[in-house]
Amino acid sequence: MRILGIDPGTRIAGYGVIDLPREGKMKAIAAGAWKLDANKELASRLATLAIEFRRVVDVYKPTHMCMELSFLAENPRTALFLGHARGVILSEAHQSGLQISEISATSAKKIISGNGRADKLSIAKIMSTMLGFQLDILPFDATDALAIACAEAIRNPMTNLHNIHSNNNITEKGNTILIEWQKNKMNKRSKQNFSVLLKAKC
């Protein structure tokens, strides 16, 4: 199973692709963010979003897509534009034959960290540990998209991860990751970076 996670937007949209081999260990394949020109008309930005989405699908060939559910934005115009972006992505995913699912940001954070209100930096730290990349090489839009993909992998009944990852275990692991990161950050003598420190522990 290969899952494409999407953090939608009309100015910046994040994507993350993970593999889930038979042994059940998640592996990051690709991640990044599509930066759409805010000076262009919405139609132009949406067309660019569709093209970039198809490119990722063509190159990495995911079998599933999970996208973050809409939130209630304070600005109706923002909510309307986000709805347009989600519609484009859903249409492209359907035409590409992907199995489509959606998840709220709160639910994804709860699955990944045990805290539905975890901030973006905390989620990025946990993702860099789980998937083994440098913390500072990806924008939050990309690490959020990876979290969406990983949350889908954990909750999907087609995988064995939903049986072995209880909420308590996830919370304990997330807390351990953040504590170890903080210790390493405060220890000025340490020459290990975040990803190296936690690769050895996972």
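**View A. Pairing of strand 1 with strand 2.** Strand 1 (residues 2-7) pairs with strand 2 (residues 12-19) in the antiparallel sense, over six bridges. Here two strands pair if DSSP finds at least two bridges between them. Strands (E, at least two residues) and helices (H or I, at least four) are DSSP runs, numbered from the N terminus. Opposite Asp-7 stands Gly-14 in strand 2. The model is predicted: local features need pLDDT of at least 70 and side-chain atom pairs count only at pLDDT 80 or more, while totals for chains, interfaces and linings use all residues. Residues are numbered from 1 along each chain as its sequence is written, and side-chain values use heavy atoms, with hydrogens and water left out.

View B. Angles run from 0 to 180 degrees between N-to-C directions, and axes are lines fitted to C-alpha atoms, for helices over the stretch in contact.

**View C. Packing of helix 1 against helix 2.** Helix 1 (residues 42-60) packs on helix 2 (residues 76-95) at an angle of about 35°, and their axes are 10 Å apart. Contact means heavy atoms within 4.5 Å. Residues of helix 1 in the contact include Leu-42, Leu-46, Ala-50 and Phe-53, and those of helix 2 include Phe-81, Ala-85, Val-88 and Ile-89. By class, this contact has ten nonpolar, one polar and three charged residues. Ala, Val, Leu, Ile, Met, Phe, Trp, Tyr, Cys and Pro count as nonpolar; Asp, Glu, Lys and Arg count as charged; the others, Gly among them, count as polar.

**View D. Glu-92 in helix 2.** Glu-92 lies in helix 2 and touches Ala-50, Phe-53 and Arg-54, not counting residues up to four places away in sequence. Glu-92 is classed as buried because its relative accessible area is 11%. Buried means under 20% relative accessible area, exposed over 50%, and partly exposed in between (1.4 Å probe, protein chains only).

**View E. The nonpolar cores.** A nonpolar core is a set of buried Ala, Val, Leu, Ile, Met, Phe, Trp, Tyr and Cys residues joined through side-chain atoms within 4.5 Å. The largest core has 26 residues, and Ile-18, Met-26, Ile-112, Met-127 and Leu-131 have the most contacts inside it. Helix 3 (105-113), helix 4 (120-131) and helix 5 each give two or more residues to this core. Its largest share, nine residues, comes from helix 5. Leaving out residues up to four places away in sequence, the contacts of Met-127 include Ile-112, Phe-133, Leu-146 and Cys-150. A second, separate core of 23 residues includes Leu-4, Leu-46, Val-56 and Val-57.

View F. Met-158 is in the loop between helix 5 and helix 6 (161-164). With a relative accessible area of 57%, Met-158 is exposed. Met-158 touches Met-1, His-64 and Gln-99, not counting residues up to four places away in sequence. Met-158 and Met-1 are 157 residues apart in sequence, and their C-alpha atoms are 9.0 Å apart in space.
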